[in-house]
Structure formats: C-alpha cells, structure tokens
Amino acid sequence: MALAARSDPARGAERECEPMLTSLLHGGQFRFGYVSPRLVGSLSVGALGLTFLVAEGAVFSAQGMAPVAVAMVAVLAASTVSSIAGFAFSAVCGAMLFHLMDSPVAAVQVMIVCSIAIQLFSVVALWRMIDWRSLPVFLAGGVLAVPTGVYLLLHLHTAVYRDLIGGLLIVYGGYLLLARPIRSLRTGPVADACAGFLGGLTGGFAGFPGAFVTIWCGLKGWDKTRQRGVYQPFILAMQPLTLIAIHLMRPSSAAMDQLGWKTLVFVPAALLGAWFGLRIFKRLSDQQFGFAVNALIIVSGIGLIL
C-alpha cells in the first residue's frame, strides 16, 4: 500500500508531462525523422561549394600551383570571418595573402576583385535591409573624399598614415570590448557626411573604406540590420570608385595594368565564405554582432599595420 502511494505522485507527474512531450515530438519542432527543408538546402549549398573548391584546389596542386590552393583557403577563411560583420575583408585577407603570394601586386588584385564580389553578393542578399534614407548622406561624403585619398596614396608615403590609423583602430576596438555600453549618439546628416568623408579618405589611400562608417553606425545605437544596411552598400560603392580614381589619376598603375583573369579563380572561394558568414550573421543577437564588429575593428587595425 505504501509503495503504491509513493508511486502515485510519479504517475501524476508523468501524466502532466505527456501532453508537453507529445507537442514537442509531434507538433513540428522536434519530430524524429523530420529535417527542415531550409536546413537541407543550406547543407547542400555548403557541401557543393566546398566540393567545388576542393576540386579546384586539387587541379591547381596537380599543376604544380599549390600556393594558389593555399591562397584560396586564406580567401575562404577571410571572407567567412569578415562577412559575419560585413567589413574588414581586405585587412584580414591581406595579413595572410602578403605572406602566401610572391607578388604584392597580385595579392592586391585578389583582394580588390574578391572584396567587390563579396560586397556585391552581400548587398544583393541584404537588399531589403538597406537604409535608403540614411545611405545617400554617407555616400555624398565618401564620393567627395575619394579623390583626396587617392592623391595621398599616389604622392605621399602612406606607411605612417596606415600605422596611425591602424593604431587608433586597435585602441578604439579594444576600448569598446572592455568598456561598458555607451549612450547612443543623436546626430544629424552633417555628422553622417563627415563619417562618410573619413571612409572615402581611408578608402582612397588605404583601401579600407568601411572602418569609420562602421564605427559611426555603431555609435548611433543602430541594430545590426540597420548598420549593415548602411556601411555594406557604402563599401561596395567606394571600392569601384577608388579603382576608377586610381586609373584616372595614374593611368599607368601597375595594379590596373596587370589585372588579369587569374584573379577570378579566387572569386568562388570569396563568395562561398560570404555565404557562410551571412548564415552566421543572421543567427547573431545585436550584442553578439557588436562584439564581432569590435573584434574585427581590432583585426583591421592590425591588418593595416602589418
């Protein structure tokens, strides 16, 4: 009798749990044997992309071009990491490619072409997120600054400026990672245009237009969607504009003269990395996104100094 009495509460608890278990197992959330079609599609795309890159790398290795295969892995890794936050591809990739490729010009070509491909892919994927009301002000400031930045690139010794900007980014990113959250800034279009101007300036002479606009969007307290809806298309607009300005101001630029089809073999790795990065981005909270941005700001500073 006592044993039966002690077992009754357990049976009652079991009866209470039965509807919950039934809901979880058969209500569509945790059904055994059921896999979301979206998950299947994502896994298929990722597997096909990796298979293609492995085959491409094997072909280059078989032809005695193993360094190209290694550089493709670097491009894939840099694209994945940078696409989580949407910027800093050149800084992350450059820190690796300059040690993997014999020609600095070839490394720059790969970074430029792959960066444009990544930004174009990301902007198309995030098209509905673009903040069309805020973006034109940033673009106006950037367009005005690009010629000045290119002039500095072509006529001045920019190593000092790169080290200075890199040091500031490292200090600022480290401060944001360690400091308490700061209050959002309430600014107008003039301040936004100034941030765009700084982005165009650094894009012209350092090939890195995203840092100041990214920082500024974060200081304004925007969520991750609105931030990327501004600085992602801003970066995409500044990169081709910088190439055009270099070509017009220095037609004999070695980087432009030697730009060839071989750089295109790295584009698939860059696009696959961007796809992976966007998948991760969509799963991040605003707080996690902020951490990723600050970490990439530090990495960007290190990449400019190296």
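The following legends describe close-up views of one predicted model. In this model, local features need pLDDT of at least 70 and side-chain atom pairs count only at pLDDT 80 or more, while totals for chains, interfaces and linings use all residues. Residues are numbered from 1 along each chain as its sequence is written, and side-chain values use heavy atoms, with hydrogens and water left out.

**View 1**
Helices (H or I, at least four residues) and strands (E, at least two) are DSSP runs, numbered from the N terminus. Of the 306 residues, 42% count as buried; buried means under 20% relative accessible area, exposed means over 50%, and partly exposed lies in between (1.4 Å probe, protein chains only). The accessible surface comes to about 16,900 Å², and 69% of it belongs to carbon and sulfur atoms. Such areas come from the Shrake-Rupley method with a 1.4 Å probe; for residues, only the protein chains shown count as cover. Among contacts (heavy atoms within 4.5 Å) between residues at least 6 apart in sequence, 81% join residues at least 24 apart.

**View 2. Phe 87 and Tyr 231 form one of the aromatic pairs.**
The structure holds 4 aromatic pairs. Rings of Phe, Tyr and Trp (its six-membered ring) pair if their centres lie within 6.5 Å; planes under 30 degrees apart count as stacked, over 60 as edge-to-face and the rest as tilted. The rings of Phe 87 and Tyr 231 are edge-to-face, at 5.9 Å centre to centre and with 80° between the planes. Phe 87 lies in the loop between helix H3 (66–85) and helix H4 (89–100), whereas Tyr 231 lies in helix H10, so the pair ties together parts that are 144 residues apart in sequence. Phe 87 is buried, with a relative accessible area of 2%, and Tyr 231 is buried at 0%. Ala 88 lies in the loop between H3 and H4 as well. Ala 88 has a positive phi of about 75° although it is not a glycine, and it counts as buried at 4% relative accessibility.

**View 3. Phe 281 pairs with Phe 289 and has charged side chains over its ring.**
The pair is edge-to-face, with 5.6 Å between the centres and 70° between the planes. Phe 281 is buried at 1% relative accessible area, and Phe 289 is buried at 1%. A charge sits over a ring if NZ of Lys or CZ of Arg is within 6 Å of the ring centre and within 35 degrees of the ring normal. Lys 224 lies over the face of Phe 281, at 4.7 Å from the ring centre. The charged end of Arg 228 sits over the ring of Phe 281, 4.4 Å from its centre.

**View 4. Val 146 is a buried residue of helix H6 (residues 135–155).**
The relative accessible area of Val 146 is 1%. Its C-alpha atom is separated by 5.3 Å from that of Leu 201, although these residues are 55 apart along the chain. Leaving aside neighbours within four places in sequence, Val 146 is in contact with Gly 200, Gly 204, Met 238, Leu 241, Thr 242 and Ala 245.

**View 5. Tyr 151, Ile 244, Leu 248 and Met 249 make a nonpolar surface patch of about 420 Å².**
Helix H10 (residues 224–249) gives the most to this patch, with 3 residues. Met 249 belongs to helix H10 and is partly exposed, with a relative accessible area of 36%.

Note on methods: Patches are made of residues with over 30% relative accessible area and no salt bridge: like charges are joined within 9 Å, nonpolar side chains (Val, Leu, Ile, Met, Phe, Trp, Tyr) within 5 Å. A salt bridge is a side-chain nitrogen of Lys or Arg within 4 Å of a carboxyl oxygen of Asp or Glu.
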